[in-house]
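Student: Please go through this structure with me, topic by topic.
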Amino acid sequence: MSLKKWILGGFALLVLLALAIAAGLWWLHGNLDRLVHRAIVEQGSALIGAPIELQGVHIDPRTGAGELRGLVIGNPPGFRTPHLLQVRRVRVQVDVSTLTQPVILINAVEIEAPDVIYEKGATQTNIEALQTHLARQLQSGAPQPSASGAAPKKFIVERFQLLRPQAQASAAFMQGRTVSLKLPEMDLRDLGRAEGGLSGGELGAQVAKALQQRLKASFFFDRALESTGETARQAGEALGKLFKKR
C-alpha cells in the first residue's frame, strides 16, 4: 500500500464518519449525544482494536446539525506514533425533511484540521493492523441483514470542506518521530447531485479522487523537508523508498 493511497483512504473514512452522523439522525431518540459518544468510543474501539477518544458530541435532530469535537483514533498495539487519526472538529448539517427519504440531503460537511499518521512497522503498517483486526471482528460478529429489507441510504452533499489537513509519515527506525506533509484544502459542491444520490462508499471515493488530483504535483517528501536539515532530508528519502507500493 503506497503512502498516497493510504492517506486518501484515511480521509475517505472521515467522509463515512460524517455520513454516519447524518444517517443516524433519523432513528436515534432520547439522549443523542450520550448514545453517539458511547457508540464511537466503546463500540468503535472494540471493533477496530485501537483506542478512540472523543471530547464532545452534539446532535440536534430538530435542526439536523451534528458535531464531533476532539476525535482521536489511536494506533493498534506495537506502533509508536501518537495516533493514527486526529480531527479537531467534524460538522454536519442535514436537511431534516429528507431523513426518512431514500436519499438524504446533506447541506454541509466540514472537517477541520484532520491529521493522519502513516507508520510502517516491522511487518505491516498501522492501518493494515487496524484493517486485520476489523475484519476479524466483523467475521466473528456475523452481521445480520436488515430486518426491514430497506435499501441502503444514499446521499447528496451540497458542500464538502476539508480545512487545514495534514499528514505525517513514520517507520520503525524513526522510533516514533515523523515527517510532516501539508495537504491541500478542498471545497467541493453538489456531490452526488447528478447521480441522484450516492452511497457512503461512493461519496468517499469521490472525495478521495478530488484529493488525489490536488496531490499529483505536490506530494514529495523533499518539499516537506526543505527546511529541516540534511539528516531529516536523508530520512525523508529513505521513507520515500520505503512507502512505495509493495
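**Working through the chain**

Student: Where is Gln 175 found?
Tutor: Gln 175 is in the loop between β6 and β7. Strands here are DSSP runs of E with at least two residues, helices are runs of H or I with at least four, and both are numbered from the N terminus.

Student: What should I know about the model before going on?
Tutor: This is a predicted model, in which local features need pLDDT of at least 70 and side-chain atom pairs count only at pLDDT 80 or more, while totals for chains, interfaces and linings use all residues. Residues are numbered from 1 along each chain as its sequence is written, and side-chain values use heavy atoms, with hydrogens and water left out.

Student: Back to Gln 175, then. What is its phi?
Tutor: The phi of Gln 175 is near 50 degrees, a positive value in a residue other than glycine. Most residues other than glycine have a negative phi. Asp 190 also has a positive phi, near 55 degrees, and Asp 190 is found in strand β8.

Student: How many helices and strands are there?
Tutor: The chain has 6 helices and 8 strands. In sequence order, the pattern is α-α-β-β-β-β-α-β-β-β-β-α-α-α.

Student: How do β1 and β2 pair?
Tutor: Strand β1 (residues 52–60) and strand β2 (residues 65–73) are antiparallel and share 8 bridges; two strands count as paired if DSSP finds at least two bridges between them. Ile 59 stands opposite Gly 66 in β2. The hairpin of β1 and β2 has 4 residues between the strands, and Gly 64 takes a positive phi near 80 degrees there.

Student: And β6 with β7?
Tutor: β6 and β7 also run antiparallel, joined by 4 bridges. Ala 167 has Leu 181 in β7 as its bridge partner.

Student: Which residues of β7 form the covered face?
Tutor: Val 179 and Leu 181 form the covered face of strand β7 (residues 179–182), whereas Ser 180 and Lys 182 form the uncovered one. In a regular strand the side chains alternate between the two faces of the sheet.

Student: Changing topic: how many salt bridges does a search of the whole structure find?
Tutor: The search finds 13 salt bridges. A salt bridge here is a side-chain nitrogen of Lys or Arg within 4 Å of a carboxyl oxygen of Asp or Glu.

Student: Please give me an example.
Tutor: Arg 164 and Glu 112 form one, at 2.8 Å from N to O. This pair links distant parts of the chain, 52 residues apart: Arg 164 lies in the loop between β5 (154–163) and β6 (166–171), and Glu 112 in strand β4 (residues 103–120).

Student: Is Glu 112 buried or exposed?
Tutor: Glu 112 counts as buried because its relative accessibility is 11%. The cut-offs are under 20% relative accessible area for buried, over 50% for exposed, and partly exposed in between (1.4 Å probe, protein chains only). Arg 164, at 43%, counts as partly exposed.

Student: Which residue does Arg 159 meet in a salt bridge?
Tutor: Arg 159 meets Asp 187, with 2.6 Å from N to O. Arg 159 belongs to strand β5 and Asp 187 to strand β8 (residues 186–191), 28 residues apart, so this pair too links distant parts of the chain. Both are partly exposed, Arg 159 at 30% and Asp 187 at 34%.

Student: Where is confidence lowest and highest in the chain?
Tutor: Confidence is lowest in helix α5 (residues 221–224), with a mean of 42, and highest in β8, at 93. The score is pLDDT, the predictor's confidence in each residue, from 0 to 100. The chain averages 75, and 68% of the residues score at least 70. Residues 217–236 have pLDDT below 50, and this stretch has 24 contacts beyond near neighbours in sequence, a contact being heavy atoms within 4.5 Å. Where pLDDT is low, the predicted coordinates should not be read in detail.

Student: Finally, what percentage of the residues count as buried?
Tutor: Of the 246 residues of the chain, 46% count as buried.
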